[in-house]
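These are my notebook entries on what I looked up in the structure, in the order in which I went through the chains.

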Amino acid sequence: MTTLDAAMQTMEKDRGAEGNYQLFAAGSNAGMAAHELAFGPLSLDRVDASFIQVLEKSGLTGRGGAAFASWKKLAATDQGRGDARLSAKPVVIGNGAEGEPLSFKDKTLLIHAPHLVIDGLLIAGRAVSASQLYIYTTEVAMAVVESAVGSRRDARRIKVVQAPETFISGEASAVVNNIANGSALPMDNRRRLSESGVKGRPTLVLNVETLAHVALIARHGVGWFRTAGSDRDPGTRLVSVSGQAAEQVLEVEGDARISDILASAGVDLGRVGAVLVGGYHGQWVRSMEYRLSPMGPGDQVVRPGAGVLHVLSDTECPLVATARIVGYLAGESARQCGPCMFGLPAMARVLDAIAYGDPDPRLVGELERLGRLVGGRGACHHPDGTARLVGSALETFSADVKAHLAGSCTRKSGRTA
Amino acid sequence: MSETLHIDWIKCDGRGLCVELLPEVLGRDDWGYPVARWGSTGDRTNVAIGASDLEAARDAAKLCPKLALTLSTSQPGKNH
Amino acid sequence: MDSALWAFGRVSGVISLALFTATVLLGILTRSGRPLFTVPRFSVALVHRNISLLATVFLALHVGALLLDSFAKLNVTDVVVPFLGSFKPFWQGLGTVAFDLVLALLVTGLMRHRLGQRTFRAIHWLSYAMWPIALAHAIGNGTNGTSKWFLLLAVASVVVVGGAVLWRMSATFLETAKARQGGLS
C-alpha cells in the first residue's frame, strides 16, 4: 500500500516542527534500537494496577472509534478479574484490524512503530494482571509485527493473530470471536467482554493507537500528555486524510480544527465540497470550522471516530458518494441479525433511488423510517453507524436532496441519471 | 433493578411468538423481527419489562423457537 | 384380561399414531411461523408440543399393555432393541425403532433450553424418519394393519403429511419469505 510510504514521507517532513508528533519519533520502520533511542527505556516492573488511576488522570480516550475512556475499560477488566469465580486471568488484545477502508493510521503505526504498541500492550497487561496478550491485525502488517514481537524477550508471549479484511472485523466481539473460535463475526453482547470474553476470561480490547499513547503516558506522565490538546480532548491523535488530498497520516492535537488539519495536509480548502469525519460510520460536515473532539457541543465539535477525514470535492455529488458507501456497508453486514441483514440493503436501495434521480417525494421519509427502524437492533453497532451516516447526509445535504427530488443535481459535474 | 428481556439478534429469526405474547411491549418490523415499542428512546435489545408483563415475558423466553430471549433481573450493559 | 390388554394395546397404538400424525402436521405449521386462522403462533407451538406429549403417553400405554399381555410375546429388550422379537421381528422392530426415536425426541424436547437449539434441532429432524417408520410398523405389524379401513386411513395420512412436507420445501413456506426477498442471502 503506497499510502504508508506517502504517509511516512509527510511525517519525515514535519519532523522538525515543535512537538508536532511523538508517535513516530523513532522514524520509519523503527526497530527496537531506534525505538529505545527515541523514547528511552521502559521500566515495566513499576507498572501495576495503580497505573489505571494514571490513565484516568490523563483523560485518554479510545482511538478506535468509540472514544470510550480508556481507564474505565481497564478498571472494568480488573474488576471482572476479581468478580470471576475462579479469579480468571484477563486477556488483553491490541486491536489493529482497522476494517474501515478510509482508515490506515493503525497499519501505519504497526508497521513503523510496532514497539510502541507492544510497550502499551505489555503495560496494559500488567495493569490488569493479564495472562494472555494478543495483537490482532491484517496481512499487510503481520510480518513486521511478528518480527518486532520476536525480537524482544519481554514480548515473547504476545500472540499475533491475523484479521480478515472485512469492515466489521475490528468490532470488539468479532475480534474476540476470531481469536477464541476462528470466526470473525460479532457475538451477542449479553455478557460484557470485561466479564467474559476469550474462553470466558475477562477481556480487554484496545485499539493499537490507544496502546501507543499508553506507552508514552507510562514514560512521560499525565502532565506531559495533557500539554497537547485541550481539557476536553487531551493528547494527540492520528488521522487518516484521504479524498481530494494525498493520502496521509497526520498526528494532530486533540480538539484540532478541521481546516487546520486539512491545510497542513495540503488540501485546497476552496475546493472542498464536504468532509466525511470519522469514517463510514461517521458524519458529513460542510463547515471546516468544526473541531475534532469526542466531547463538546454539537455546534462546535465533530466526533473524530476512527480518525478519518475524507475530503469530497465540490464537483462530486455527495448523495452519490453516500449511496456508494451505504451500498458497501450493506454488503459488509455479517448477515447474522435481521434488522441489519434486511434493513441495510433496503436503505441502500432507497438512497440509490434518491442519488440517481428518482423524484418520488416519499423516498426521504422512507429512508428516515428505515434508519429509525434498524438503530439499536443488532449484535453490534453496524446498523446504528450506517443509520448515523445516512441521517448525517440527509441533514447536511438537505439542499442536494431537494434538488435531486426536483430533477437536478447541485454539483457542477452533476447528473442525476 | 428492573426485569429486562434480552434479545439475542443473532439467534432471532423474527418468528413472532414473543410479539403475540407481549403486544404492548413489542411490535414487528417489515421483516418480522421484534421492535420494542418505545422506539429509539429505550433499549431495544434489553427491553424493559414491567411487573404486569413478567409472566408473559417468561412464556416468551420459554417458547421462543430459536431460544433467542433471556429474561434477567440485572441490567446488562454495552461491551467495554 | 389378556384379550382386554391385547385390544387396549392395539387401540392405544392407533391413537398414538393418529396423534403423532397431528404432531407432525402442527410441527410443520409451527416451523412456517404462521398462525392457524385465529389461533396465534404461540398457541400453535404449545398445541404441537402438548399433542406430542399426549401421543407419547398413548405410545407408553401401547407398549405397556403389550408388554403385560402374554399373547403379544413382547419382552423388555424388544422395547428398545429392534428386530429381536419373536413375532414378525422386522415389522415389530420398526416399532422399536420408532419408539427409540420418540425417546430421543422426548428427552431433547424437554431439555431444549439446557441442550441449546442446535442439538435440539439436529435430533428433531429425526421426527421426519420416526413418522413413516411408525406408520410402516402399524401396517406391517398391527392386527388391523392390512384391513381396509386402516389402509384407507394410512393412505389419507400419507397424502396429507406428504402434502405438508412438499409445502415445507416450497419457496413461500415461511410467512416471512416474501418480505425478506430483498435482503442479502
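This is a predicted model: local features need pLDDT of at least 70, side-chain atom pairs count only at pLDDT 80 or more; totals for chains, interfaces and linings use all residues.

Entry on chain B. With those terms I read chain B along its sequence and found the pattern β-α-β-β-β-α-β, that is, two helices and five strands. I then looked up burial, and of the 80 residues of chain B, 45% count as buried. For the contacts in chain B between residues at least 6 apart in sequence, I noted that 61% join residues at least 24 apart.

Entry on chain A as a whole. I listed 15 helices and eleven strands in chain A, and I noted that 58% of its 417 residues count as buried. Among contacts in chain A between residues at least 6 apart in sequence, 70% join residues at least 24 apart. The C-alpha trace of chain A spans about 65 × 50 × 35 Å along its principal axes. How does the radius of gyration of chain A agree with that of a compact globule? A compact globule of 417 residues would have a value near 22 Å, and chain A has 21 Å, so the two agree.

Entry on confidence. Chain A averages a pLDDT of 92, and 92% of the residues score at least 70. Over residues 11–20 of chain A, however, pLDDT stays under 50, and for this stretch the model has five contacts beyond four places in sequence.

Entry on phi angles. Most residues other than glycine have a negative phi, and I therefore looked up exceptions. Ser129(A) has a phi near 55°, a positive value in a residue other than glycine, and is found in the loop between α6 (114–127) and β2 (132–137) of chain A. Asp255(A) has a phi near 65°, which is also positive in a residue other than glycine, and lies in the loop between β6 (248–253) and α10 (258–264) of chain A. Is each of these residues buried or partly exposed? Ser129(A) is partly exposed, because 16 other C-beta atoms lie within 10 Å, whereas Asp255(A) counts as buried because it has 22 C-beta neighbours inside 10 Å; the cut-off for buried is 20 or more.

Entry on Glu316(A). I placed Glu316(A) in the loop between β11 (308–313) and α11 (318–331) of chain A. With 18 other C-beta atoms within 10 Å, Glu316(A) is partly exposed. Leaving out residues up to four places away in sequence, I found that Glu316(A) touches Gly273(A), Ala321(A) and Arg411(A). I also looked up Phe225(A), 91 residues from Glu316(A) along the chain, and the C-alpha atoms of the two are separated by 39 Å.

Technical notes. Residues are numbered from 1 along each chain as its sequence is written. Chains are lettered from A and ligands numbered from 1 in the order in which they are written. Helices (H or I, at least four residues) and strands (E, at least two) are DSSP runs, numbered from the N terminus. A residue is buried if 20 or more other C-beta atoms lie within 10 Å of its own, exposed if 12 or fewer, and partly exposed in between; C-beta atoms are placed from the backbone. Two residues are in contact if their C-beta atoms, placed from the backbone, lie within 7 Å. pLDDT is the predictor's confidence in each residue, from 0 to 100. The radius of gyration is taken over C-alpha atoms; the globule rule is 2.2 Å times the number of residues to the power 0.38.
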